Amino acid sequence: MSIDTLRRGITLGAISSMGLLMIRSASAQTLAAPTDKVILTISGKISVTNSGDTAQFDRAALEAMGLMTIETNTPWYSGPQKFEGISLDKLMKSVGAKGDTVQAIALNDYTTEIPLEDFAKYNVILALKRNNEYMPIRDKGPLFIVYPYDSNPELRSQKFYSRSAWQVSKLIVR
Amino acid sequence: MLKMRKIETLLGAVLVGLVLSALYVSSLIVEQQNLIRQTARYNVTWLASQSVVELQRFQERVASFSIPSSKVDSDEVALRYQILLNRLNLLSSGEFEEFVNQSADRRATVDEFRQALAEIEPWVDHLNPENAARIRARLAPLDQKMSSLAAAANRISGDQVDGDQRELLSLHWFFSGIIVTLVLMSLGLVLLLHFRNRLLKQAHREMHVLTDGLKDAKGDLERANEDISSKNDSLKSQNEMLVLRDIELRTQNQRFDAALNNMSQGLLLVDGEHRLIVCNERYRQIFELPAESTKPGASLATVTDERFAALLAHQKSIASGPRSATFSFELAAGTVCSVSQQPMPDGGWVATYEDVTERRRSEERIAYMAHHDALTDLPNRAQFREHLERALELHHGESGSFAVLYLDLDRFKTVNDTLGHELGDALLKSVSVRLKKAVRGSDIVSRFGGDEFAVLCRGYPDLDELRRIATRIVERMGQPFRIGGRDIRIGTCVGIAMAIKDGSDCDSLLRHADMAMYAAKNTGRGTYCFYEAPMEEQIDARRALEDALRRALQENELEVYYQPIVNLKRMEIVSFEALLRWTHPVRGAISPAEFIPVAEETGLIVAIGEWVLRRACADAAQWPNGTRVSVNLSAVQLRNDDFAQIVFSALAGSQLPAHRLELEITESVLLQDSDATLAVLHQLRRFGIRTCMDDFGTGFSSLSYLRSFPFDKIKIDRSFVKDMHVQEDCRAIVTSIAHLGQSLNMTTTAEGVETREQLEAVMAVGCTEVQGYYFGPPTPAVDVAQVFSRLEKMRLAA
């Protein structure tokens, strides 16, 4: 990661956090409808929606919530990788999730269940970028649930690897 | 203790084992953790199997696309194609890549899968039924290969799981073994600890017992210690006492030694066997014994010289008796030893020996001195009295058995004063020698002191015998004594008292002899006299006279008379001689010749003389024409230290000028203490008082006295004047004296001029003054004026 990118990231982070504040004040009741292609649909036990019973997000909407960075080794890549994405905890709170688990459904029909408490406990993100590039579908994009595996040995197990779903398109709060 | 050490070693070993086991268990747990992590690793089987599913789904989507009624569009196919690409990435990266690389077939399969996907991409992009058919045709052979890959992955995983499980199992057994070992070891530890505890308890009990024992022992020791220290204290005090006693004993010994050896007496201590216990240095000196022969234990018989055998025998005989004894023993010729012996209870004795030779001699000398006169070696008064008493006892008052002669020397005092005591002493010695020769051998001559001697004549001397003896004494004493180159003439008078006629005891005999001597003296020089009863009366009378004289001064019985002295040239009174008169209330007038000697002997003359002097001065002060007064002085008066002061006082009291006072002294005055007397006379003369030599010509060597003092006047004794007109020798003497007076520029007064012839005679020889009855007798002071007038008439008549 070059210094330039980092600075940009920080600036972006700062701007997006300001934007988030505006959004939050605006979406106290409602969530803005997506303007671009919807890449994530959250449904289930949520109180904030923007499309029927669901909350739909395009890439911009997600990025506007602010990005977090995790740099960690994974079983899927050789060497440590830098991931940027939205805090799932924050995301869940933004939609007023009131459940115990979240079912993540990927484009390849892979489904996994994640306890809601994981997000706050482990600072799990819904990654958009790997090594500063938006992840395409062929590289686990557009959204990839990433745990900070290096921060805790507990996370380096099949249990958490199986919760790390890629090509995520839907989250259902249960 | 050995057991305990073994147990300690075992315990240590078990603990080390436990620690090692724990360490090993820890390492095992780490290993197990790794194994579990391996089992938990990402499952490649799932990746591989998913790739088969996704491949089939893509093929199914492509097939569906060809069927017109299906809902699958090209986007759906493209999405599936993207998913396949994603799968391909997964297979060619990460852990799966490791799995693929393990086998060439797997790599070939993946390579083929990559190649097939690459080939079908254009067809997917341009999807149409024809391309769909091509895609299916191209992917068909891959199904079987991908399934094989999945199966292989499954098999590998299975094997892996199997191996892991086996390993876990063995690890489990190992664990169990170790735990069992640990349990066993812990049990062992517990046992060992229990055993150790027991041992410790036992040791504790033993220690307790030991401690109790020690406590008891300590108590015992403390008590013993206290006991010892108290004993030690008592020993110390005993020791101190012993040391003190030792010091005391030593001091006592030293004192004893010092006392012994400093004793003036010889000391001998002898035991019951007559062996020497101790003796001192003085003892050895007395008996001339060497120190080595007088060691304690030596037999007395061998110690002492045979010279003292008699002494030893005597002492042994005393020792056998119960009493102490003191006796004298003559050690050698002239050496007398006094022995004092005290018997001891054990049959021995202690004796002191004192050389009393010197003491004896001293005693004898003292006894001799007590009985003898040191100067003449004659028996003294005391011994004389003893002899006298013995004689009285011997004869029981037998009459005529013995007589006492008493004598003194005439003029001895004058000799002693003028020629000195040494010469006087020598004279006394010579006197004693002559006395002894003068008496008989059986008589005892004694000196009573001074010039008094007594003789005891024993053996019934008759009167003639006594007269002869007395005469011899008087004659021999009358002969001159040749002493110190000159002849000295004295004389004596002897008084004789006879037992028992003149006294039946010492005192009366001696007193009566003395009285007889005075009687002889009164008779004249060079005589003897037997005692007669009236003598005592005379003595009594004299004593009465003394008393009367003493009273006379107080009672104003004395009176001064004045006899005129006339100057022959001018025929007028130049002075009066003061003459003392005593009128006794009973006896009437008493002659000065009688009472003046008594006054001189008793010393009353000092007071009387002073009274006369004051009286005379006072009377003379009334006289006209500077008439002098002449006062006689006694030698006794001049001997008084205050005499000059008395004279000055008399002059001052009467206001009589000094030159009007004349003092008359006789030659005898100058004979006694002449230096002192002359000094006083010079003192008086310097004051202006005139001096006069009285009775000139009657004394010893008158002329030398004239030289010794510048007299103003010489009075020529009446004895010369009386007969000068009939005896030529008297006349010659008076003439000479008158001439002498002229030559020496002295006035000459002729005394005792009573007749016209006498007056003319003295005038003829050149005497300057005259005194005597011719011009008037001594008259009372009140009649002095008449004397003046009578003389005036006589002068005018002449």
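This is a predicted model: local features need pLDDT of at least 70, side-chain atom pairs count only at pLDDT 80 or more; totals for chains, interfaces and linings use all residues.
Residues are numbered from 1 along each chain as its sequence is written, chains are lettered from A in the order in which they are written, and side-chain values use heavy atoms, with hydrogens and water left out.

Where chain A meets chain B, 17 residues of chain A are in contact with 23 residues of chain B (contact means heavy atoms within 4.5 Å). The area buried between the two chains is about 1800 Å², and carbon and sulfur atoms give 49% of that area; buried area is the accessible area, found with a 1.4 Å probe, that two parts lose on being put together, summed over both. In chain A, the residues that lose the most area to chain B are Asn108(A), Arg138(A) and Gln158(A), which together make up 33% of what that side buries.

Across this interface of chain A and chain B there are three salt bridges, a salt bridge being a side-chain nitrogen of Lys or Arg within 4 Å of a carboxyl oxygen of Asp or Glu. Arg138(A) forms a salt bridge with Glu121(B), with the closest N and O atoms 3.9 Å apart. Asp109(A) belongs to a network of salt bridges that also links Arg57(B), Glu60(B), Arg61(B), Glu76(B) and Arg80(B).

Over all chains the count comes to 52 salt bridges. In one of them, Glu54(B) is paired with Arg87(B), the closest N and O atoms being 2.9 Å apart. Glu54(B) lies in helix α2 (residues 44-66) of chain B and Arg87(B) in helix α3 (residues 74-91) of chain B, so the pair ties together parts that are 33 residues apart in sequence; helices here are DSSP runs of H or I with at least four residues, strands are runs of E with at least two, and both are numbered from the N terminus. Glu54(B) is buried, at 3% relative accessible area, and Arg87(B) is buried at 2%, where buried means under 20%, exposed over 50%, and partly exposed in between (1.4 Å probe, protein chains only).

Finally, Ser87(A) is placed in strand β4 (residues 81-87) of chain A. Ser87(A) is buried, with a relative accessible area of 12%, and, leaving aside its neighbours within four places in sequence, Ser87(A) is in contact with Met68(A), Val124(A) and Ile125(A).
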